[in-house]
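Subject: The structure I promised you

Hello,

Here is the structure we talked about, with its sequence.

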Amino acid sequence: MPRDSFVHLHLHTEYSLLDGSIRMKELMKKAAEFEMPAVAITDHGNLFGVIEFYQEAQRAGVKPIIGCEVYVAPGSHKDRPPSRRESAYHFTLLAENEIGYRNLVKLVTAAHLDGFHYAPRIDKALLAERSAGLIGLSGCLAGEINSAIQANNIEKAKQSAAEYRDILGAENFFVELHDHGMEEQKMCNTALVQIARDLGVGMVAANDVHFLRRSDHQAHDVMLCIGTGKMVQDETRLHYLPELYFKSPAEMRQVFRDFPEAIKNTLTIGDRCRLDLEFGRSKYPQYRLEYELGVLEKTGFVSYLLIVWDFIHFAKEKGIPVGPGRGSAAGSIVAYVLGITDIDPLQYGLIFERFLNPDRVSPPDIDVDFCEARRGEVLEYVRQKYGERRVAQIITFGKLKAKSVVRDVGRVLGWSYRDADRISHRQDDSQRAEHYARCRCGKKRRAETGSRQRAGYTAALRPCESP
Ligand SMILES: [Zn+2]
Ligand SMILES: [Zn+2]
């Protein structure tokens, strides 16, 4: 990297719609001609041009830095102040790495979806949530810190700068110096340099580039009138100075000759930012249906699902009310498309692996609720369809558990109900209680393991391959 170079970290392309006039190809040609190691894109509130920018930069052998000049609401990005002026400040964000790029995408998306009011806006709370991998520069005269300085409120400016430093980290926040020959900028720069020293943050020089050559100024000015709906002759309209062009390293070094650190830091940031975007690989969502079918096939439960589908289908056709599905089966999209459940697992973020986990296969369990009065018809259908001798009703056993066994034993030994109940309640208390009960009735232990009764699991049937 040439040590006497410079990196533009604040630059508007034609995607700063009707505000910037820079085309990517010409920009990269110029950046390569100037032997600049890197160049940034920071369009107003959007990332529309970043892929084209990235690819053209790579083609030209210049490192692309993806960024955005975001709008930051003074309060919440959901507030709607009455005027454009009160609704947002400018702030420059740069992606240092892939995490930062993803965060930038999220922030800009949130700005458009939730924060749009005159412009797509974020707020500091959002930035704090998504600050990882991002480098922030304090921005132009319309930035929060510079606005406070221009209002002669240095204390507030310092406070804002401290806030940004705390959100982004001292290494990732820089005060941004601009100099287009404007008095306001000189005043801001003096204060910014002091603030940077006081807060222990760095400073960077930038040119808020809006057009490529000085000679493009007039054409850009006409475009600006189109964008703002003004006449060129209008004296009161927004004007840009001819200085906002893509200056060479030598020109930038000349402008900021009193701030060599601010020039050097552009190269440092240029070096720090490293982002590899991957192209040519399809990133369509993986379709879950195919995945589920694969797992069902692999684990051998396709027939099971089809049998369940079959009798539910029968019940529905016969107008027998069927529940919408519950339990783990609600996590399966196959169950949903078959009509076994009426719940779309994607909509509710339900997990298929709770139903059937390919790494820990245990038979899936589909709970189906049929209308109690007509449940028999479904059972009969299953018997008929799969064969009387190929369908077994599932039996469950109620076991004699400690408490009830004491009562049962007490009863047959002729204890009073009160005594038996009292002893049974002491079962939980301590081992002594158990010991006591066992001493009084040696049969207890054996009885506890015995099956007490057969409980009908009224609607559970298990079809089988062979009788
Ligand atoms: Zn700005
Ligand atoms: Zn700008």
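Let me start with proline 364, which sits in the loop between helix H15 (345–348) and helix H16 (375–386). Please keep in mind throughout that this is a predicted model. Is proline 364 buried or exposed? Proline 364 counts as buried, because 21 C-beta neighbours lie inside 10 Å and the cut-off for buried is 20 or more. Leaving aside neighbours within four places in sequence, proline 364 is in contact with Phe301, Tyr304, Phe355 and Leu356. Alanine 329 is 35 residues away from proline 364 in sequence, yet their C-alpha atoms are 7.8 Å apart in space.

Helix H16 also takes part in a helix pair. Its axis and that of helix H13 (residues 302–317) come within 10 Å and cross at roughly 130°. That angle makes H13 oblique to H16, and the crossing is right-handed. If you want to find the place on screen, look for Phe311, Phe314 and Ala315 in H13, which meet Val378, Tyr381 and Val382 in H16. By class, this contact has six nonpolar residues, with no polar and no charged ones.

The other helix pair I noted is H1 (residues 24–33) with H2 (residues 50–60), where the axes are 9 Å apart and the packing angle is about 35°. The crossing of H1 and H2 is right-handed. On the H1 side the contact is made by Met24, Lys25, Met28, Lys29, Ala31 and Ala32, and on the H2 side by Glu52, Phe53, Glu56, Ala57, Arg59 and Ala60. Here the residues divide into seven nonpolar, no polar and five charged.

Now to the interior. In soluble globular proteins, nonpolar side chains tend to be buried together. The largest nonpolar core in this model has 80 residues, and the members that touch the most others are Leu9, Val39, Val70, Leu94, Leu104, Val175 and Val204. Which element gives this core its largest share? That is strand S2 (residues 63–72), with six residues. A second, separate core has 19 residues, including Phe311, Ala330, Ile333 and Val334. As for valine 175, if you set aside neighbours within four places in sequence, its contacts are Ser138, Ala161, Leu192, Ile195, Ala196, Val201 and Met203.

Most residues other than glycine have a negative phi. Asparagine 152 is not a glycine but has a positive phi of about 60°, and aspartate 208, also not a glycine, has a positive phi of about 45°. Asparagine 152 belongs to the loop between helix H6 (144–150) and helix H7 (154–168), while aspartate 208 lies in the loop between strand S8 (202–205) and helix H9 (217–228). Asparagine 152 is exposed, because 11 other C-beta atoms lie within 10 Å and the cut-off for exposed is 12 or fewer. Aspartate 208, with 23 C-beta neighbours inside 10 Å, counts as buried.

Finally, the overall numbers. The chain has 20 helices and 10 strands, and buried residues make up 36% of its 467 residues. Of the contacts between residues at least 6 apart in sequence, 73% join residues at least 24 apart.

Best wishes

Conventions
Residues numbered from 1 in each chain as written. Chains lettered and ligands numbered in written order. Predicted model: local features only at pLDDT ≥ 70, side-chain atom pairs only at ≥ 80, totals over all residues. Core = buried A, V, L, I, M, F, W, Y, C linked by C-beta atoms within 7 Å. Helix = DSSP H or I, 4+ residues; strand = E, 2+ residues; numbered from the N terminus. Contact = placed C-beta atoms within 7 Å. Axes fitted to C-alpha atoms, helices over the stretch in contact; angles between N-to-C directions. Left-handed = near helix turned anticlockwise from the far one by under 90°. Nonpolar A, V, L, I, M, F, W, Y, C, P; charged D, E, K, R; others polar. Parallel < 35°, antiparallel > 145°, perpendicular 65-115°, else oblique.
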